[in-house]
Amino acid sequence: MKTFKLGGVHPNDNKLSRDAKIEVFAVPQVAYVSMAQHLGAPAKPVVAQGDKVKVGDMIAVGEAFISANIHSPVSGTVDKIDEWIDASGYKTPAIIIKVEGDEWNESIDRSPDIIKDIRLTDPKDIIAKIKEMGVVGLGGAAFPTHVKFMIPEGKKADYLIINAVECEPYLTADHRVLLEHGEKLLIGTRILRIALGVDKAYIGIENNKPDAIAHLTELAAKDFKDIEIVPLKMKYPQGAEKQLIKAITGREVPSGKLPIDVGCVVNNSGSTYSVYEAVQKNKPLFERVVTVTGKTVKKPSNFLVRVGTPIKELIAAVDADLEHTGKIVSGGPMMGKALVNTDVPVVKGTSGVLLFHEMESCRPASHNCIRCGKCVEACPMGLEPFFLSAAIDKELWDRVEAHHIMDCLECGCCQFTCPSNRPLVDYLRTGKKVVGQMIRNRAKK
Amino acid sequence: MSLLKVSGSPHIHGDQSVSKIMKYVCLALLPAVAVAVYCYGFGAIKVLSISIASCLFFEWVIQKYFLKGAFSLNDYSAVVTGLLLGLNLPASLPWYMIVLGAFFAITIAKMVFGGLGNNIFNPALVGRVFLLVSFPVQMTMWTKPVESARLWFFNGFHGMEKATVDAITGPTPLGLLKEGGVAAVQGSNYMDYFLGVMGGSIGEISALAILLGGLFLIWRKVISWHIPVSFILTAFVFSGILWLIDPTRFADPVFHILTGGLMLGAVFMATDMVTSPMTKGGMLIFGAGCGLLTILIRTFGAYPEGVSFAILIMNAFVPLINRGFKPVRFGKEVRRG
């Protein structure tokens, strides 16, 4: 079975919500729709205070090259165009909508039928549709999907890879989509394959999801000969773009380059499903599957949630032991962000909400580095976290740069494996920030 | 709900910790300790307990009154140092020398550099070499192993006293080799050496017990095979080449890897995380250097045994090796699949 070679760790996968069917979550009373829920420039609001909006109406436009449109997840009145806290803990521009009823834009096809015949055949039309519907990567980074498929002049795509790895422990949102919307996902994959102009697409799934592998392999064998399901040996961080490309194609994205430089485009499975909905159902991306789980959650669940729903409403629905909850994380335990409060709304990139028991919320005390080399062994990029953290501590920025800090994925393998509990990723993040700024300043000159 | 805790990712941690690693090392040393106690009886127990107790004491005193740092005894590193130092000493060593060795190991070799993780040289080996250079006579006065243990078994406490006080001394195989050449060790029983029936430091005599511990450490992922294998293999190959050149002058390779501290050094001393290289390539070079130097010192040097010196010399090269042997980077060169 395939996997990437260099580094990686094996955290306990703890997929507590594995068997919880996707439930449609209640529409919130008030929706807080962030304008900066994708990578790149924030979207610009196109509605004003007091405007009436329906579900699926465009409320903000992504004007910059890397940006995305945002559509109303609810129907009601625009209450305020203001700022609201997001998962980073900072305030970002947001449109706050008071919900009245649940009236959808008429252009959205709400029928349950699966449409197999692809409605658009020209790659340009498909990409324009994806852009119009505000589809972004649902894995966490929320990179606008249409940008990935606009291949720069002089480059050629050989591989389309759909990322259904879900290597983060606990999260099961992608897994449930594979099981419950398998056929739609395959149609979405075919749409993207046409958009990219390649003959074949690959869907990478880790072998801790044997049911999903079996289900999709069966479907693909019947009607989707242009799609290959690739089972992957479980190892974190296989869902990282570069590691997934290595595992499936054997190609290595060179340091500082993009997947397209080795002829690959990778797209998350959840957003591939959104592509299906956008193209076949004319439905913008305004809701997504979110896993709500953790050691203090009595009813680990997968919800289909409208963007803008405050996370506290999700937590209220899973019968959580809040008394003993010490930390709440948006995303997975390896790369997710710890929330400062639960007013933070769901955004397009929210893959999960994870509740930690207070006993597992604090980091164990950190000790001297014992130079065991486990961080070097675990690093999937072949870096030396022990050296980098020491150099960052001493602010030797030139050496930090020379030791390839910018290759760091912040995947957390080094810190996960460190027997001295050193806060390696904290150091690495600091180093990346400073060195990244240095590089940008140099480019300006 | 109390206040939420906020920290950077990752939010989970693997199950490794320093104290766990050190406890695994202690566990892995148990077979060697058992052989030591079987062969040397009370002498072994005395050496080990004095050594461990004084290492713990000096670590505590320095941490509390000089470094004024956090309590560090619970990381078990001082226990490991004490255990390894004790296993590297002869059973008949007077108690104050053991205390002195422990003092040197903990204070000069470890705490002066800033405690665990900052030392350049393996503390237990520094302690041993300090004693070897300062008290060469006592450090090379070996009790004949099984006889002293038999005295203990058959005569109880009285025998124990007799075994340690009127130590029945006999040379180590390597001592014989140095004194009398190859002829003096002709006809040695290698199975005896493998099981531990020979003179030497209390912990180094049984290759079998040490290898069992080494396998356990590899299984628990505390050490990797690279250093022990390259150490033993290099020593074997190099002494083998010498032996092929002139079997009447040089001992055979099996003799070399089974005698002296080679096994203990290769499995437990050279693999000390703090003082060995980071990458697999570096570890192979490090182990090879240790093996080569050991045989060089044994055959051409003044001392019959060279493992401690070899490892300490290679310890000094670790920063250099770490510079030369970098991990393989992802995406370093473009490869089209």
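**Domains of chain A**

I looked up the domain assignment of chain A first: domain 1 (27-99), domain 2 (123-281), domain 3 (287-360) and domain 4 (374-444). These bounds come from an automatic or database domain assignment.

A note on ground rules. This is a predicted model, so I kept local features to pLDDT of at least 70 and side-chain atom pairs to pLDDT 80 or more, while totals for chains, interfaces and linings use all residues. Residues are numbered from 1 along each chain as its sequence is written, and chains are lettered from A and ligands numbered from 1 in the order in which they are written.

**Domain 1 against domain 3**

I checked the distance between the C-alpha centres of domain 1 and domain 3 of chain A: 21 Å. I then listed contacts (C-beta atoms, placed from the backbone, within 7 Å). On chain A, 16 residues of domain 1 are in contact with 18 residues of domain 3. On the domain 1 side, β2 (30-34) and β7 (76-85) of chain A are the elements that give two or more residues. I take helices (H or I, at least four residues) and strands (E, at least two) as DSSP runs, numbered from the N terminus. β2(A) gives the most to this side, with four residues. By class, I find ten nonpolar, five polar and one charged residues there. Nonpolar here covers Ala, Val, Leu, Ile, Met, Phe, Trp, Tyr, Cys and Pro; charged covers Asp, Glu, Lys and Arg; the others, Gly among them, are polar.

**The four-stranded sheet**

Next I traced an open sheet of four strands in chain A, with the order β11-β10-β9-β12 and parallel pairing. Pairing takes at least two DSSP bridges between two strands. The edge strands, each pairing on one side only, are β11 (227-232) and β12 (264-268) of chain A. Neighbouring strands are turned by 25 degrees against each other on average, direction ignored.

How many bridges join β9 to β12(A)? I find five, from strand β9 (residues 159-163) of chain A, and the two run parallel. A:Tyr159 has A:Cys264 in β12(A) as its bridge partner. Helix α7 (residues 269-281) of chain A packs on the sheet and touches β9 and β12 of chain A. The direction of α7 makes about 85 degrees with that of β12(A). Axes are lines fitted to C-alpha atoms, for helices over the stretch in contact, with angles from 0 to 180 degrees between N-to-C directions.

**Chain A against chain B**

Last, I looked up the interface: 56 residues of chain A are in contact with 35 residues of chain B. Elements of chain A that each supply at least two residues include α6 (241-249) and α13 (424-444). β15(A) gives the most, with five residues. By class, the chain A side has 27 nonpolar, 17 polar and twelve charged residues.

Technical notes: Two residues are in contact if their C-beta atoms, placed from the backbone, lie within 7 Å.
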